[in-house]
Amino acid sequence: MKLVTILTLEEYQEDIKKLMFKNQISIFSEIDMQGYYKADSSENQSNWFANDRIGITSKMNFAFLPEASVQILLEAISQFNAQNQLTNPVHAFVMHVEQAI
């Protein structure tokens, strides 16, 4: 089992929900977030949504999925980013779930 986490701007959230339902992922959670970064930071800022003065509302979605569903979802997200040429693309990452109760 894997834990997939998806980070997106609020404006793309409905698209992400549709994408998940289309790919037979019917159970997932959503969390509201504010994105920030410090403008003079040496970190790669191209992956952040806002600056240190103005927060940008974003969403974090997560789901526990079998490996086969993970690969399908990641490919769908990759296609979504490519088709829409987003300035702030949807980000996703996967973590192994060793055990769950």
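Start at N23 in this predicted model: setting aside neighbours within four places in sequence, N23 is in contact with I72 and A76. N23 itself lies in the loop between α1 and β2 (29–35). Its side chain also reaches back to the backbone oxygen of L19, at 2.8 Å.

Now step over to the sheet. Four strands make an open sheet in the order β2-β3-β1-β4, paired antiparallel. β2 and β4 (91–96) stand at the edges with a single partner strand each, so one side of each has no neighbour in the sheet. From one strand to the next, the twist averages 25°.

α1 touches β1, β2 and β3 (56–65), and its direction makes about 150° with that of β1. α2 touches β1, β3 and β4, with its direction at about 20° to that of β1.

Then there are the aromatics, which come to two pairs. In one of them, the ring centres of Y12 and F80 are 6.3 Å apart and the planes sit at 75°; an angle over 60 counts as edge-to-face, so that is what this pair is. Y12 lies in the loop between β1 (2–9) and α1 (13–22), while F80 is in helix α2 (residues 67–84), so the pair ties together parts 68 residues apart in sequence. Y12 and F80 are both buried. F21 and F28 also form an aromatic pair, this one tilted, at 5.5 Å centre to centre with 50° between the planes. F21 is partly exposed, with a relative accessible area of 48%.

Note on methods: Residues numbered from 1 in each chain as written. Predicted model: local features only at pLDDT ≥ 70, side-chain atom pairs only at ≥ 80, totals over all residues. Heavy atoms only, no water. Phe/Tyr/Trp six-rings, centres within 6.5 Å; stacked < 30°, edge-to-face > 60°. Helix = DSSP H or I, 4+ residues; strand = E, 2+ residues; numbered from the N terminus. Buried < 20%, exposed > 50% of the residue type's maximum accessible area, 1.4 Å probe, protein only. Polar contact = N/O pair within 3.5 Å; in protein donor to acceptor, adjacent residues only side chain to side chain. Contact = heavy atoms within 4.5 Å. Pairing = 2+ DSSP bridges. Axes fitted to C-alpha atoms, helices over the stretch in contact; angles between N-to-C directions.
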